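Hi,

Here is the structure I promised to pass on.

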Amino acid sequence: MTSTPLGSPEIYRLTVNGESHDVQDAWLGESLLYVLRERLGLPGSKGACEQGECGSCTVLLDGAAVCACLVMAASATDADIVTVEGLPTSEAAPLTDVQAAFLDEGAVQCGFCTPGLIVAVHHLLDHNPRPTALETREALSGNICRCTGYGRIFAAVDAVVASRAEQSAP
Amino acid sequence: MTDTTGTTTATATATTQASALRHGTLGTNAARPDGVPKVQGRFAFSNDLWAENMLWGATLRSPHPYARIKSIDVTGAWKIAGVEAILTAEDVPGQPNYGLIRQDQHVFATSYVRYRGEPVAAVAADHPETCRRALAAIVVDYEVLEPLTDPEVAIAGTREPIHPDGNIIRHQRILCGDPDATGPIVVEGDYEMGMQDQAFLGPEAALAVPDDDGGGLELYIATQWLHEDRKQVAECLGLPEERVRLVLGGVGGAFGAREDISLQVHCSLLALRTGRPIKMQYGREESFYGHVHRHPAKIWMRHHATADGVIIKIEARMVFDGGAYASTSPAVLINGVTHAQGPYRCPNAVVDGWATRTNNPPCGAMRGFGVVQACFAHEGQMDKLAAAAGLSPVEVRLRNAMRTGDPLITGQPVDSVAPVERCIRETDALPMPPDLPSDADVLSLPGGTGRTADRGHVVRGVGYGVAIKNLMYSEGFDDYSTARCQLNDGIVTLKFATSEVGQGFVMLAQQIARTILGVDEVMLDTIDTQIGSSGSTSASRQTWMSGGAVDAACRKVRELLFESVAAKHGLPALQLAIDGTDVVDTIGSLRIPVADASAGLRLDETVEYRHRVTEDLDENGQGNCHVAFAFVAHRAVVDVDPELGLVKVVQVATAQDIGRALNPLSVAGQIEGGIAQGLGLAVMEEIIVTDGMVRNASFTDYLLPTTLDAPTVVFSLIEEPDPQAPLGAKGVGEPPCISVTPAIAAAIRDATGRDIRRVPVRPQDICLS
Amino acid sequence: MPVITPSTVDEVLSQLGERPDALLLSGGTDVMVEINMAHRKAPAEVIALRRVEELRRWEHHTTPDGTGGTVMIGSGVPYAEMEHGPLAEHFPALAEAARTVGSPQIRAAGTLGGNLGTCSPAGDGLPVLYALDAVVHLRSASGARDVPVGEFMVGVKKNVLEPGELITGVTLPVRRGWQGYSKVGVRNAMVIATASACLAMDRERGSVSLALGAVGTTILRCRDAENWLAAEIALTDAQLEIGDDVVREFGQRAAADARPIDDHRSTAAYRGHAVGVLASRLLRRAVA
């Protein structure tokens with residue numbers, strides 16, 4: 001990262017996806033989204049509006065789904081931050097069930113909204129494993145998609161709900 | 001070939017043959033090759049690109065819609081630490097102007113700025129914030145002028161030209177048959193459409209990396225047409241095209257907004273000036289100023305018909321406000337006027353259309369390209385005609401529906417398959433949504449979480465819309481697409497310059513190769529200018545044109561493969577075919593896996609695919625100017641709260657003429673996505689411009705449909721393969737967003753009895769007089 | 001580091017006392033937008049409130065017989081916590097308003113403290129605070145004061161907060177009686193109010209409160225409509241019956257108090273019409 005005269009010499013520490021990162025030389029006004037993308041090498045979260053009006057930058061902050069563009073990065077020290085890059089995957093299972101469902105149901109076109117939506121859907125289903133159609137819509141009402149019209153996205157959520165219910169059935 | 005229809009309540013239909021098809025071939029729901037990186041957040045959009053030693057670039061834009069530049073003083077900006085370059089018009093080494101059709105737009109404004117947001121200067125610095133401060137320190141002395149904002153004033157010719165090319169970008173008249181024909185029924189109306197924005201999610205972004213000798217560069221760019229960008233960039237840089245290499249950076253949606261130059265030239269100039277990589281990206285506000293929008297339009301139409309509601313003549317006057325620069329207005333206008341009759345038989349017509357120049361924001365391509373405006377008008381007219389003739393909205397449309405071979409008012413026979421009647425009937429046959437229950441959740445009522453309505457405040461309405469849409473480019477444009485297919489030792493590699501903007505061409509290309517060549521794995525080479533042009537990802541053309549090119553290149557390679565097998569086994573090549581993943585002798589018993597048959601071979605074919613030639617229109621608008629057409633019908637069911645004027649679109653039903661479903665899931669995505677955009681235009685999306693100033697350049701006030709605004713979508717696919725189309729498939733991208741808007745407007749009229757004449761419909765249009 | 005993250009109100013106040021121009025950062029959902037869009041200069045110093053537990057609490061102070069009483073909601077309680085659960089049971093109108101704030105992501109971070117700090121007439125929580133006669137608690141290094149919300153907001157994005165002052169919370173009375181909130185927006189979610197209203201009944205005192213949003217330079221209390229209705233109908237009665245003509249006139253009187261403007265979101269004519277409709281409908285719901 002090129003250093004800038006705007007930057008502050010102090011270092012602050014962010015915990016992202018379980019790892020600790022030192023941030024140095026940052027300008028105070030930088031949002032968490034900016035720091036993730038431009039300083040921490042985590043460009044998975046996307047910026048489409050910088051105003052919290054599109055949800056493309058959705059990350060988990062202490063378990064809550066928030067817009068990273070509205071978090072002042074330097075104030076998020078000691079918070080537990082999870083981005084799309086930090087969702088529970090492994091070499092054996094490189095995609096979460098939500099990610100796989102998005103692909104299977106055709107819910108990905110340009111893909112710009114996709115990371116934020118994936119995080120939002122994980123958050124929804126972790127808190128509400130059997131949402132009604134309206135609950136799903138309301139929970140995702142902060143995530144704008146311009147390509148799909150949402151139909152395939154709802155289908156993906158339904159598919160995950162069904163498969164998780166099957167797995168947890170006695 | 002049997003056609004297939006299927007209905008669904010928001011899940012895709014697989015064609016009945018799909019299960020018999022090999023996975024990943026044409027007709028199946030093949031997986032996207034870029035899908036895994038996209039869901040993991042690893043897919044590199046242009047916005048994600050980064051280079052060692054890079055600087056950030058930013059653009060200074062005019063705050064005025066019309067002004068003369070008296071002076072530009074950059075000394076203040078140079079005092080800011082971290083600024084490495086500042087450019088204005090005098091720093092453009094090559095051609096100072098660019099443009100898709102007319103080169104009337106400036107890299108940087110010289111003596112005049114003609115729209116709010118016109119670029120005046122650019123800077124490069126070490127941090128985006130440094131750029132912002134540098135821009136703020138540039139002092140431009142403007143003499144503010146009175147903007148021209150009314151297209152009628154431009155047409156009347158009462159204002160001096162605001163541009164050397166004049167205030168009329170184009171005028172076209174269509175005269176067909178008997179201009180004095182009339183009938184017992186005459187209905188007329190004025191229709192207005194506001195300025196919609198493409199609002200793709202991935203804001204404009206590019207990374208320009210200069211060559212070491214400073215005589216060329218590599219530009220990573222999210223765009224719809226690499227070669228057209230390269231041509232304009234090279235001309236403005238004063239460099240030969242071979243030294244300007246463009247690579248497609250990941251594209252976060254387009255919908256027409258990436259056809260024109262935005263930051264390409266600025267980014268390249270800064271790179272050459274500084275000798276360092278330059279990253280430029282727009283925020284959402286700048287994005288609204290940085291690209292063209294859909295033309296706002298005012299259309300008057302008058303239909304003359306028999307007492308039975310059969311159209312005798314149409315008259316229309318269409319005014320499209322092109323804003324400050326020409327962009328693609330000349331072509332948008334032609335689409336508008338040539339589609340004035342809609343998908344209906346019409347023997348006589350008098351149509352006048354203008355694209356005007358004003359100091360309003362420049363307008364150009366957006367999904368639907370002029371036909372959206374025409375369709376809103378002609379469908380409003382069809383409902384008036386229905387009422388006057390005592391027919392239902394469905395009956396009047398069936399009665400006038402175009403058939404294959406019927407002529408447009410330009411004289412061109414519509415020899416594309418034209419299943420208009422089927423579109424209407426199948427749409428009408430799709431199940432209606434259930435009635436709103438008395439205990440309906442507040443979220444499903446108009447007003448949503450705002451809890452403005454109770455069940456008793458809500459009225460339901462139904463409306464219809466039908467559209468014809470041309471496919472590909474028109475008016476004699478020599479459009480083509482290039483593709484290269486290589487088969488080396490059993491591995492197929494495709495190369496093309498086709499812009500993938502989310503529509504899934506990268507997936508389709510693999511499906512084509514798998515089908516033609518019997519391989520499972522198909523590699524895709526980088527999408528860049530190291531191969532010939534594929535034309536624009538627009539006009540619903542890529543499946544036909546780039547699909548046609550890939551198909552043709554694969555077929556040529558297959559021919560060579562068969563020749564090789566034939567020679568080895570002493571068989572006529574004509575007897576050979578691909579079956580699954582084998583080469584087989586259709587008469588004998590030879591069967592060899594393609595991988596084995598191609599071992600040791602290096603087959604390599606590049607093809608340019610062209611569609612048939614089209615013509616210009618003469619001064620009466622007569623000529624075969626379009627290539628092909630697709631048709632679609634929509635039915636919208638809306639719930640309205642008439643007292644507050646709030647609308648909830650409950651369900652949209654559609655039957656679309658697609659030729660052939662090459663990837664049914666992908667078709668579903670285009671249909672649902674297009675419907676959402678048409679819905680946005682109907683009830684919520686508008687760039688509000690007052691005196692040339694944009695009032696709502698943000699997602700706070702430019703409203704896109706959310707999950708709570710999305711209707712249930714049910715659809716039927718009409719697969720009557722088009723004999724002209726190389727894969728039998730018509731383009732599917734545009735039709736879904738065209739007739740849904742008038743269908744929703746009609747449904748609102750049905751629910752409220754109000755004469756809705758404009759979209760987007762605002763609450764006050766419904767509840768106040 | 002120029003971001004200070006105290007963990008108690010006292011620490012906040014002492015920091016604020018030393019640097020009264022420091023930016024107080026709560027959920028960030030208004031402030032970060034301004035910084036991102038360069039509409040506000042990035043501050044030199046920031047006091048982040050996210051670790052101040054006291055501000056994230058709410059407390060119910062009951063009366064001796066266990067009923068009514070008041071609830072103090074800390075200025076750092078996110079809207080998401082007001083949508084469901086015991087807070088929502090105490091204040092259904094606040095829950096309804098909270099549900100319309102921005103998006104779920106914004107509700108996870110946005111707070112009443114932020115709504116009050118920004119003081120936009122379109123702020124979703126504000127009509128509820130007005131209708132319930134909320135009291136805003138302010139503290140500084142040198143003292144504390146309580147300001148009725150109607151005196152706290154004085155204009156468009158203007159309040160009486162002094163440098164060095166922190167909003168610590170608001171106190172709302174628990175009332176017996178129906179309360180509800182409505183908001184007009186062109187889209188079904190994530191939309192700025194073009195008109196909003198909160199109606200709250202107090203069946204003990206036999207009164208009704210009606211507050212309107214987005215139709216004035218501040219939130220408006222419709223005293224004329226309130227007093228007229230209380231005179232027309234005995235609002236302490238167990239069974240309330242209100243005829244259509246009363247409902248209609250209530251709405252008209254409410255609309256007459258509105259001072260709406262034309263802007264890019266809507267017209268004065270529409271807004272004035274809409275608040276009248278909202279007022280009538282809320283009253284109809286109150287007695288349904």
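Below is what turned up where the chains meet.

A quick word on conventions: this is a predicted model, so local features need pLDDT of at least 70 and side-chain atom pairs count only at pLDDT 80 or more, while totals for chains, interfaces and linings use all residues. Residues are numbered from 1 along each chain as its sequence is written, chains are lettered from A and ligands numbered from 1 in the order written, and side-chain values use heavy atoms, with hydrogens and water left out.

Chain A with chain B: 56 residues of chain A and 65 residues of chain B are in contact (heavy atoms within 4.5 Å). They bury about 4700 Å², with 59% from carbon and sulfur atoms (accessible area, 1.4 Å probe, lost on being put together, summed over both). Four salt bridges cross here (a Lys or Arg side-chain nitrogen within 4 Å of an Asp or Glu carboxyl oxygen). One of them joins B:D48 to A:R37 at 2.7 Å, N to O.

Chain A with chain C: this contact takes 37 residues from chain A and 32 residues from chain C. The buried area is about 2600 Å², 60% of it on carbon and sulfur atoms. A:L28, A:L70 and A:M72 supply 24% of what chain A buries there, more than any other three residues. The rule gives five salt bridges between these two chains, including A:E53 to C:R187 at 3.9 Å, N to O.

Cheers

Key
Buried area is the accessible area (1.4 Å probe) that two parts lose on being put together, summed over both.
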